[in-house]
Amino acid sequence: MEAFYEWFQQLYDSTGWNFVFMYDEYERDRLLEAMWVTIKLSLSCLVFSLVVGVIGAWAQGAKSAILRNFIYWYIQAFRNTPPLVQILFFYFVIGNLFPTYDAGGYQEQYIGAFGWAVVSLSFFAGAFNVEIFRAGVEAVPTATVEAAQSLGYSRLKAYLYIVLPLAFRVSLPALNNNLVNLVKTTTLAYIIAVPEMMYTANQMWSDNVNVSEMMIVLFFFYVGLVAILVYFMHRWERSMRIPGYGA
Amino acid sequence: MSDLPVLLPSAANLLNDAGRQRREGAFRVDLKLWHGVVLVAALAVVLGVAEAAGNAKESPWAVLVNWMPFILWGQEGHWQGFSLNIIISFFAMLIGTVVGAALGLMQVSLLLPVRTGSWIVTQFFRNSPWLVLLFTIMLMLPFEIQIGDTIIPIPDWVKAVIGFSLPVMANISEVVRGAVISLPSGQWESAESLAFTRFQTMWMIILPQCVKRMIPPWMNWYAILAMATPLCSIMGVEESVTFTQQAMSAEGGRPELLAPFYVFLLVIFFIYIYPIARWTVRLERKYSVKI
Amino acid sequence: MAWDESQPMVSIKDVYKSFGDLEVLKGVSFDVMKREVICIIGPSGSGKSTLIRCVNALNTINSGSITVEGQEVHDPKLDKLELRKKVGMVFQQYNLFPHKTAIENVMMAPIHVLKEDKAEVEGRAYALIKKVRLEGKENSYPGELSGGQQQRVAIARSLAMRPDVMLFDEVTAALDPETVKEVLVTIQELAEDGMTCMLVTHEMGFARELADHIYFTDRGVIVEHGPPATFFDDAKDPRTKEFLSQIL
């Protein structure tokens, strides 16, 4: 392994191509940490946005008009404003309202930049998910639910075993689109100094003056990540497809 | 499908929308008039709140009005600020459309290397985050180039134009390709049977029919692009968001000015994008009636 | 390769065609002389459409030979465009160009492909529209025409190229029964004028009246063939008899 890293040192010495994170352990750790942060950010947002989506879709059918209206306004607000503004809003405006603690001379927030990025992006993606889930659940005719009930399924069981699987299959392509978009949108966390790939790469090239090399790495990372996601998405969709339906 | 569907029409709608979003690369921008009304109302509200909370040396409303011309069109020559957002979006769309259309046609070429190469380029720029592309172009292009004896400066906003035109180009490429392959194969076959060359078939039969299908997604991308131009404020390009930040710091960073200024930005962007979004919807309806 | 009228216009010899593993044509041979009208009938999946599309080089063949006026169709060096000036084809789905009017559809190919003079083409196009009995509809768009009218424009469009042989691929299958007749009358007049025609069709009455020769295909081979009189009244092969009993 060392020899592999050594090669990059030689590369630097001979050509000036400075892939510093390859031969320098500190930089390597920094970069790997950044990759992990991006992946963690994407995954957290994915999970939370799904939760938001499910809750929102349920709330849309609630009896309380206040709740219904609230969800409606939430969706409209988050779908039609730029996510950059949303991140700034959550971090600077809402973040300021939250308690801080004394971290040795300066005030540190309990919910740091990473946390607010997750919150903001989850609500952003969640707004799309609510619509998707609602349409998916609506797609199952009541006749199907009634048929399930007449077979002895309780309402809850019918929902779990009949409605949700169908709704999920129908929603999957739209959810996948959302996920790919989400991964690309995580770069906006740069603006509030979350140490994800974009931000860390920026710091590294400021330290090491190797802009092109870091750019190459950035591109490969994102394009590669998205390509992997898209590949698995397609495979999953194909295995989940309902014959007779499909874009 | 049988008369009694397994799933209700909303399933088909959902799948169609997802498919369309995947083909065109983005959700349709769906702005309604009442959004604008809400934004203006919100502006009034935050101004009112700021007025009440502020130390009232100068009313926030007056401050905003003072800075409005600066934010909207800057100082020298009136082409900075929000005007620059529009200028950048215009040129990026122009380049992106021309190059993207060429790429899209290359993706349906009969020559495998051309098809593969253009596919790789399209997918690469489609899947890259816009911020990364912007950074790359802005940092890696020199600030001036020398051709012979003349030195041509490349200002920041030009780099931003190039940076934005890359993802637009890739998405337009997909829109074009999608439109071409959406035509029934019968069109190609009957043209072939009449001994039209491939070029003639493309130019006289396929493309004219595609143009109508391409216009709504194309306009949608312009709306998305226009909303994305503030990204270049991160690099200091002198557009509306940068100027807003400068204005706020010139006012001493008063926290009660934060909301009014940013809501004002939302309002002016809405005023610009909303007509485009409505026109897109109208054009789509108009073009989908005819077969 | 000098070709004269004593030789077949279209000569199909021992043609094999597969789509991947699926063998669609398994050794088809027959000849079509000039001014002959032949009909190919058979159950779906028997390869009739594939066969006729091979004559026009819209499909390739795996082995065998198809010649049109002595020219081998599946010669790799053949200029397909030259071939298609001689062979006209009309499709089941009409495939008119929806963004051009009827007259423009008819005029396009002679002007852009044959590079003929516009005024002359226009005159011929009007005459052709009149011949297919669509005077008054010259400036209508395909979307404004009925199925039968569109099909007749498609026929006029192919005729504008002055082909030597016309191929018809189930051209009435997508039409309402009332409009089928108007298309058949047009084809009949064409045949009576001396055009060599190859039709894939389900219209048995039409075939019986008009064809000089009928070919029955089933599962990729020609099971039986003959002039209409012997074919319909005196079929020999049991498969033919079964098919005829189902449709007549």
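This is a predicted model: local features need pLDDT of at least 70, side-chain atom pairs count only at pLDDT 80 or more; totals for chains, interfaces and linings use all residues.
Residues are numbered from 1 along each chain as its sequence is written, and chains are lettered from A and ligands numbered from 1 in the order in which they are written.

Reader: How many helices and how many strands are there in chain B?
Author: Helices (H or I, at least four residues) and strands (E, at least two) are DSSP runs, numbered from the N terminus. From the N terminus on, the elements of chain B run α-α-α-α-α-α-β-β-α-α-α-α-α. The count for chain B is eleven helices and two strands.

Reader: What percentage of the residues of chain B count as buried?
Author: A residue is buried if 20 or more other C-beta atoms lie within 10 Å of its own, exposed if 12 or fewer, and partly exposed in between, with C-beta atoms placed from the backbone. The C-alpha trace of chain B spans about 80 × 70 × 25 Å along its principal axes. Of its 291 residues, the share that counts as buried is 42%.

Reader: How far apart do the C-alpha centres of domain 1 and domain 2 of chain B lie?
Author: The domain bounds come from an automatic or database domain assignment. For chain B this assignment gives domain 1 (29–81 + 250–291) and domain 2 (82–237). The distance between the C-alpha centres of these two domains of chain B is 29 Å.

Reader: Which element gives the most residues to the side of domain 1 of chain B that touches domain 2 of chain B?
Author: Two residues are in contact if their C-beta atoms, placed from the backbone, lie within 7 Å. By this criterion, 20 residues of domain 1 of chain B are in contact with 15 residues of domain 2 of chain B. On the domain 1 side, α3 (60–73) and α11 of chain B each supply at least two residues. The element that gives the most, with eleven residues, is α11(B).

Reader: Which element supplies the largest share of the side of chain B that touches chain A?
Author: In this interface, 33 residues of chain B are in contact with 39 residues of chain A. At least two residues each come from α1 (9–24), α5 (112–127), α6 (130–140) and α11 (258–289) of chain B. The largest share, twelve residues, comes from α1(B).

Reader: How do the residues of the side of chain B that touches chain C divide into nonpolar, polar and charged?
Author: The contact takes 17 residues from chain B and 18 residues from chain C. The largest share of the chain B side, six residues, comes from α8(B). Ala, Val, Leu, Ile, Met, Phe, Trp, Tyr, Cys and Pro count as nonpolar, Asp, Glu, Lys and Arg as charged, and the others, Gly among them, as polar. The division on the chain B side is seven nonpolar, seven polar and three charged.

Reader: Which residues stand opposite C:C197 in β8(C)?
Author: Two strands pair if DSSP finds at least two bridges between them. Strand β3 (residues 37–41) of chain C pairs with β8(C) in the parallel sense over four bridges, and strand β7 (residues 165–169) of chain C pairs with β8(C) in the parallel sense over five bridges. Opposite C:C197 stand C:V37 and C:M166.

Reader: Which residues lie on each side of β8(C)?
Author: In a regular strand the side chains alternate between the two faces of the sheet. Five of the five residues of strand β8 (residues 196–200) of chain C are buried, and both faces of the strand are covered. On one side are C:T196, C:M198 and C:V200, and on the other are C:C197 and C:L199.

Reader: Is C:R219 buried, exposed or partly exposed?
Author: C:R219 is found in the loop between β9 (213–218) and β10 (221–226) of chain C. Its phi is near 50°, a positive value in a residue other than glycine. Because C:R219 has 15 other C-beta atoms within 10 Å, the residue is partly exposed.

Reader: Which elements do the buried residues of α9(A) pack against?
Author: Helix α9 (residues 197–208) of chain A has twelve residues. Its buried residues include A:M197, A:Y199 and A:W205. The elements they pack against are α2 (20–23), α3 (25–60) and α10 (211–240) of chain A together with α6 of chain B.

Key
The expected span of a helix is 1.5 Å times one less than its number of residues.
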